[in-house]
Amino acid sequence: MKIRLNPTIATMLLCTTVLVVMPKPANAFIGEAAVVAAISGLQKFTGNALSSMTKTLTSQITSSMESLSNPNSVSSMLNKGFTQLSNYEKAGVAAEQRIADASNTAMAEFARRQQDTTIRDEHMMNPEFCTGIVGAQATQGASQSARTATRAIATITDSRGEADAGTPSYYGKGQGVASSMALHGRRYCSQEDVTAGLCSALSRLPNADQRAISLFGQDTLSADGGVDAANDYSTTLIQPVAPAALRGEQLTSTSGREAALRRRAYNARMSLSRYVMNFITSLEIPSINLTDVQKTEMQAEGMTVSDQASWLTSMSLEVNRRVSGVTWNKNLQQMPPATVMRELAIEQAQANYLALQTYRLGLFQSSLAATQVAQHEEESEAKRLAPIPSPNVNPGG
């Protein structure tokens, strides 16, 4: 901002300066009093002029600084600057609010989608669940069929062991021996039997009635002789020939009644032993249709794929496909946590089911052990007791 001086004031200042600095001419006619008076007047005039000029400058500067109506004033420019800064601050706060609102909205949407995904995973049905339940139902059906087979086999073996009417030993032990030898020659003739003249040709399953592989060689017994071979092996193992039946006076006399008691005890022990073997055999009888997944597992294990299998095969396939099955393990890697927990629950149920079957076998083993102890003690007691002499009774005394 430039400050402009009045032309008159500028001229007076210039003249005064010239008079002050001008050298006094020699022999001047002007006296000292006149010079002093001129200087005093000039000083007075100059003081008034400077005072007026100072007031004018002060007024102009004050107006320039404080006037808001003047767009070029400092106050106006500062006011505009502060107003602009305030606007910037307001805009910044508004922008931050919008950003915060947008962020909150996005996070709320993300949280909702996460919740929807969790709900979906919690309630999503996995194909492995359907496969597992179908396999479990097949196994349970095979278990019921095995129970039926156990009762059917027990009915035949118990009747044979008791030498009921229509069984080989009903008329005597010799007939029982002859029947057993004829069955061996017809089904299980070996080369030695052919050489000895007991049978005419070698059988498809030589000596299968005396080999453990007939019962434990495969989880599913073949329908074309495998079931009969396993059953005949159990017969050879437990009771190859049943004693002759007690008939007539053998049952009514005093000694006969004692013999009948011992025979019933013998029959009970044989029935228990055969029932355990019948139970094992029934678990290997083909009794249930396999699922497609179980057939695939059979093929993966290198087994001959069949439409039907036993309870033992069905249970083995369900266990093996979870241990080494590629499909099940691949699906397990893709399962959400909720589905994995369901699969663990199924595995626990399967473990409980197997534990129950083990408990049943434990009952059989305990019964067999108790029978052995009882028989041993009975034989030991009979050896320790001396015969009691019969008293002589005098009829006329």
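Which helix holds Arg 321? Arg 321 lies in helix H12. The views below come from a predicted model, in which local features need pLDDT of at least 70, side-chain atom pairs count only at pLDDT 80 or more, and totals for chains, interfaces and linings use all residues. Residues are numbered from 1 along each chain as its sequence is written, and side-chain values use heavy atoms, with hydrogens and water left out.

**View 1**
Arg 321 sits in H12. Helices here are DSSP runs (H or I, at least four residues; strands are E, at least two), numbered from the N terminus. Arg 321 has a relative accessible area of 4%, so the residue is buried. Buried means under 20% relative accessible area, exposed over 50%, and partly exposed in between (1.4 Å probe, protein chains only). Neighbours within four places in sequence aside, Arg 321 is in contact (heavy atoms within 4.5 Å) with Glu 128, Thr 131, Gly 132, Val 293, Glu 297, Trp 328 and Asn 329.

**View 1. The largest nonpolar core.**
This core has 11 residues. They are Ala 138, Ala 142, Ala 146, Val 276, Phe 279, Leu 283, Ile 288, Trp 311, Met 315, Tyr 353 and Phe 364. A nonpolar core is a set of buried Ala, Val, Leu, Ile, Met, Phe, Trp, Tyr and Cys residues joined through side-chain atoms within 4.5 Å. Helices H4 (127–161), H10 (254–282), H12 (311–324) and H14 (337–384) each give two or more residues. The largest share, 3 residues, comes from H4. A second, separate core has 5 residues, including Leu 221, Ala 230, Tyr 233 and Met 277. In soluble globular proteins, nonpolar side chains tend to be buried together.

**View 2. Ile 288 within the core.**
Ile 288 is a member of the largest nonpolar core. Residues up to four places away in sequence are not counted here. Beyond them, Ile 288 touches Ala 138, Gly 141, Ala 142, Asp 307, Gln 308, Ala 309 and Ser 310.

**View 4**
A search of the whole structure finds 4 aromatic pairs. Rings of Phe, Tyr and Trp (its six-membered ring) pair if their centres lie within 6.5 Å; planes under 30 degrees apart count as stacked, over 60 as edge-to-face and the rest as tilted. Tyr 170 and Tyr 171 make an edge-to-face pair, 4.8 Å centre to centre, with 85° between the planes. Tyr 170 counts as partly exposed because its relative accessibility is 22%. Tyr 171, at 59%, is exposed. Trp 311 and Tyr 353 make a tilted pair, 6.2 Å centre to centre, with 50° between the planes. This pair links distant parts of the chain: Trp 311 is in H12, Tyr 353 is in H14, and they are 42 residues apart. Trp 311 and Tyr 353 are buried. Tyr 275, Phe 279 and Phe 364 form one aromatic cluster.

**View 3. A nonpolar surface patch.**
Leu 78, Phe 82, Leu 85 and Tyr 88 form the patch. Together they have about 460 Å² of accessible area, from the Shrake-Rupley method with a 1.4 Å probe, where for residues only the protein chains shown count as cover. Patches are made of residues with over 30% relative accessible area and no salt bridge; like charges are joined within 9 Å, nonpolar side chains (Val, Leu, Ile, Met, Phe, Trp, Tyr) within 5 Å. A salt bridge is a side-chain nitrogen of Lys or Arg within 4 Å of a carboxyl oxygen of Asp or Glu. Phe 82 is found in helix H3 (residues 74–123). Its relative accessible area is 56%, so Phe 82 is exposed.

**View 4. Two loop residues with positive phi.**
Most residues other than glycine have a negative phi. Ala 163 has a positive phi, near 60°. Ala 163 is in the loop between H4 and helix H5 (173–187), and is buried at 2% relative accessible area. Asn 207 also has a positive phi, near 55°. Asn 207 is in the loop between helix H6 (191–196) and helix H7 (213–216). This residue is buried, with a relative accessible area of 13%.

Asp 219 lies in the loop between H7 and helix H8 (226–238). Its relative accessibility is 32%, so Asp 219 counts as partly exposed. Asp 219 and Met 315 are 96 residues apart in sequence and 9.9 Å apart in space, C-alpha to C-alpha. Leaving aside neighbours within four places in sequence, Asp 219 is in contact with Leu 283, Glu 284, Ser 310, Leu 312, Thr 313 and Ser 316.
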